[in-house]
Amino acid sequence: MTLDKFRPYVSRFLDPFVKGFDRVGMSPDGVSLLAFGMAVLAAGAFFLGGRADPVWYVAAAALVFLNGWLDVVDGALAREQEIASPAGDLLDHVLDRYADIVVIGGIAAGIGDYFLGFLAVTGVVMTSYLGTQAQAVGLDRVYGGLVGRADRLAIIGVVGFLAYPISGTYGGLALVGWLLVFLAVVGHLTALQRFFYAWSALE
């Protein structure tokens with residue numbers, strides 16, 4: 001179950017954004033950096049949602065969705081400008097990993113649960129690592145498994161919106177705390193899925 005496989009079907013919705021960025025002279029790398037900026041702002045909003053006012057969770061959710069949308073737009077812009085390159089792909093993936101780390105770090109810092117944050121971020125990073133490591137050993141890049149990046153961003157965004165009206169703790173954790181538990185468990189399970197898929201394909 002992963003939303004990544006639906007990327008080809010959203011291309012027609014990307015056209016206005018791709019043409020707009022192209023018109024103002026924005027490069028795909030510039031859009032990737034802009035997407036990362038949205039992730040940094042989302043991390044700050046998640047922190048403020050936990051430490052100051054839960055209304056910040058709504059802003060965090062919107063910024064996470066912006067990060068995900070721009071992450072799709074940068075690749076489409078590279079194809080539109082016919083400048084897609086391994087270097088651009090590398091930058092995109094590096095910034096995506098840092099975006100994942102800062103967003104989860106912001107959530108964890110906001111509720112002061114760094115151990116859950118550690119478990120969640122390692123699960124997310126290992127999921128992405130196994131996807132690209134399969135390609136490094138001669139297979140296609142692996143996007144499958146329980147939760148891909150698109151799924152993860154959608155879930156973080158939805159939980160962010162819900163965390164404002166649904167306050168309080170449940171089983172000792174706030175809603176965003178349970179989000180970290182989910183990311184930790186499902187992230188590591190997805191990483192293991194990808195590992196065993198690649199292992200089987202290489203035997």
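A nonpolar core here is a set of buried Ala, Val, Leu, Ile, Met, Phe, Trp, Tyr and Cys residues joined through side-chain atoms within 4.5 Å. Keep that in mind for the first stop. The model on screen is predicted.

**Stop 1: the core**

Select Phe46, Val64, Val103, Ile104, Ile107, Ile156 and Leu180. Of the 38 residues in the largest nonpolar core, these touch the most other members. Now colour the helices. Two or more core residues come from each of α1 (11-23), α2 (28-51), α3 (56-80), α4 (86-111), α5 (114-136), α6 (149-163) and α7 (175-202). The top contributor is α3, with nine residues.

Stay on Leu180. Which residues does Leu180 touch, beyond those up to four places away in sequence? They are Ile104, Ile107, Ala108, Ile111, Asp113, Leu116, Gly117 and Ala120.

**Stop 2: Val31 and Asp74**

Go to Val31 in helix α2. Its relative accessible area is 0%, so Val31 is buried. Show its contacts, setting aside residues up to four places away in sequence: Phe21, Met26, Leu70, Val73, Asp74 and Leu77. Then draw a distance from Val31 to Asn67. Their C-alpha atoms are 9.8 Å apart, though 36 residues separate the two along the chain.

Step across to Asp74, in helix α3. Is Asp74 buried or exposed? Asp74 has a relative accessible area of 4%; the cut-off for buried is under 20%, so Asp74 counts as buried.

**Stop 3: the salt-bridge network**

The structure holds six salt bridges. Side chains of opposite charge can pair when their charged atoms come close.

Centre on Arg149. Its side chain meets that of Asp71 in a salt bridge, 3.2 Å from N to O. This pair links distant parts of the chain, with Arg149 in helix α6 and Asp71 in helix α3, 78 residues apart. Both ends are buried: Arg149 at 9% relative accessibility, Asp71 with a relative accessible area of 4%.

Arg149 also forms a salt bridge with Asp100, at 3.1 Å from N to O. Asp100 sits in helix α4 and Arg149 in helix α6, so this pair ties together parts 49 residues apart in sequence.

Now centre on Asp100, which is buried with a relative accessible area of 5%. Asp100 has a salt bridge to Arg152 too, where the closest N and O atoms are 3.2 Å apart. Arg152 lies in helix α6 and Asp100 in helix α4, so parts 52 residues apart in sequence are tied together. Arg152 is buried, as is Asp100.

Which residues do the shared partners join into one network? Select Asp71, Asp96, Arg97, Asp100, Arg149 and Arg152 to see it whole.

**Stop 4: a surface patch**

Switch to a surface view. Select Phe65, Val158, Phe161, Leu162, Ile166, Tyr170 and Trp178. Together they form a nonpolar patch with about 610 Å² of accessible area. Helix α6 supplies the largest share, three residues. Pick out Trp178, in helix α7. Trp178 is partly exposed, with a relative accessible area of 39%.

**Stop 5: annotated segments**

Finish with the record. An unreviewed UniProt entry places "transmembrane region" at residues 30-48, 55-78, 98-130 and 170-192. Select 98-130: this stretch is 94% helix and 0% strand, with its end C-alpha atoms 16 Å apart. Then select 170-192: here the chain is 78% helix and 13% strand, and the end C-alpha atoms are 29 Å apart.

Note on methods:
Residues numbered from 1 in each chain as written. Predicted model: local features only at pLDDT ≥ 70, side-chain atom pairs only at ≥ 80, totals over all residues. Heavy atoms only, no water. Buried < 20%, exposed > 50% of the residue type's maximum accessible area, 1.4 Å probe, protein only. Helix = DSSP H or I, 4+ residues; strand = E, 2+ residues; numbered from the N terminus. Contact = heavy atoms within 4.5 Å. Patch = residues over 30% accessible without salt bridge, like charges linked within 9 Å, V, L, I, M, F, W, Y side chains within 5 Å. Areas by Shrake-Rupley, 256 points an atom, 1.4 Å probe, with all protein chains shown as cover. Salt bridge = Lys/Arg side-chain N within 4 Å of Asp/Glu carboxyl O. UniProt positions renumbered as here; feature names shortened; annotations may be inferred.
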